[in-house]
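Have a look at the sequence and the model, then try each task before reading on.

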Amino acid sequence: MIEKLRELNDALPEMLFIDIVYLILGELIICLAAPDNLKSVWAVGFLAGVIYSVFGTFQLSFRIRKVVYGGGNTTAVLLVGYMIRLGMLLAVLVTLYLTGWGDMLAALAGMFSMKVAAYSQPFTNKFLSKINKKGR
């Protein structure tokens with residue numbers, strides 16, 4: 001499965017690993033620090049944000065692959081991808097707001113996992129490659 005992810009985007013496995021770690025740490029902080037009456041709302045919002053981040057990562061990877069290997073019109077392909085991600089972002093936030101299932105600010109904090117994963121992926125890749133070399 002990791003090889004399939006690497007075919008799509010070489011950085012994708014590390015980014016998903018960072019997203020999972022971000023989710024676990026964020027939910028742990030929410031469980032420990034949030035007031036009892038807000039724990040579930042913040043936890044659901046944070047989870048929704050991280051799920052959106054994973055969706056955005058995959059969607060962007062598909063778009064980049066289409067531009068690089070599919071020969072598509074770069075501007076049109078990336079603009080359509082941006083509109084899809086923006087539409088999903090609005091759908092997540094509106095759903096959280098209208099249903100009251102999750103907190104929108106917690107969802108925004110969860111959405112930052114995409115940025116955290118993108119910026120820390122080179123360090124994670126270096127760290128995991130050292131572990132793989134020692135294990136062999």
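This is a predicted model: local features need pLDDT of at least 70, side-chain atom pairs count only at pLDDT 80 or more; totals for chains, interfaces and linings use all residues.

**Exercise 1. Find what share of the residues in the protein chain is buried.**

Start with the cut-offs: buried means under 20% relative accessible area, exposed means over 50%, and partly exposed is in between (1.4 Å probe, protein chains only). By that rule, buried residues make up 33% of the 136 residues in the protein chain.

Residues are numbered from 1 along each chain as its sequence is written, and side-chain values use heavy atoms, with hydrogens and water left out.

**Exercise 2. Work out how confident the predictor is, and where confidence is lowest and highest.**

The chain averages 92, and 99% of the residues score at least 70. Confidence is lowest in helix 1 (residues 2-8), with a mean of 85, and highest in helix 5 (residues 104-111), at 96.

**Exercise 3. List the secondary structure elements of the protein chain.**

Helices (H or I, at least four residues) and strands (E, at least two) are DSSP runs, numbered from the N terminus. Going by that, you get six helices and zero strands. The C-alpha trace spans about 50 × 45 × 20 Å along its principal axes.

**Exercise 4. Track down the aromatic pairs and say how each one is arranged.**

Rings of Phe, Tyr and Trp (its six-membered ring) pair if their centres lie within 6.5 Å; planes under 30 degrees apart count as stacked, over 60 as edge-to-face and the rest as tilted. The whole structure holds two such pairs.

- Take Tyr22 and Phe46: their ring centres are 5.5 Å apart and the planes sit at 25°, so this pair is stacked. Tyr22 is in helix 2 (residues 12-33) and Phe46 in helix 3 (residues 39-70), so the pair ties together parts 24 residues apart in sequence. Phe46 is buried at 6% relative accessibility, whereas Tyr22, at 21%, is partly exposed.
- Now Tyr52 and Phe55: with centres 6.3 Å apart and planes at 45°, the pair is tilted. Both belong to helix 3, three residues apart, or about one helical turn. Tyr52 is buried at 12%, and Phe55 is partly exposed at 30%.

**Exercise 5. Which residues make up the largest nonpolar core?**

A nonpolar core is a set of buried Ala, Val, Leu, Ile, Met, Phe, Trp, Tyr and Cys residues joined through side-chain atoms within 4.5 Å. The largest has eight: Ala48, Tyr52, Leu89, Val92, Leu93, Leu96, Ala107 and Met111.

**Exercise 6. What is Ser53 in contact with, leaving aside neighbours within four places in sequence?**

Contact means heavy atoms within 4.5 Å. Ser53 is found in helix 3 and, at 0% relative accessibility, counts as buried. Its contacts are Asp19, Gly110, Met111, Ser113 and Met114.

Notes. pLDDT is the predictor's confidence in each residue, from 0 to 100.
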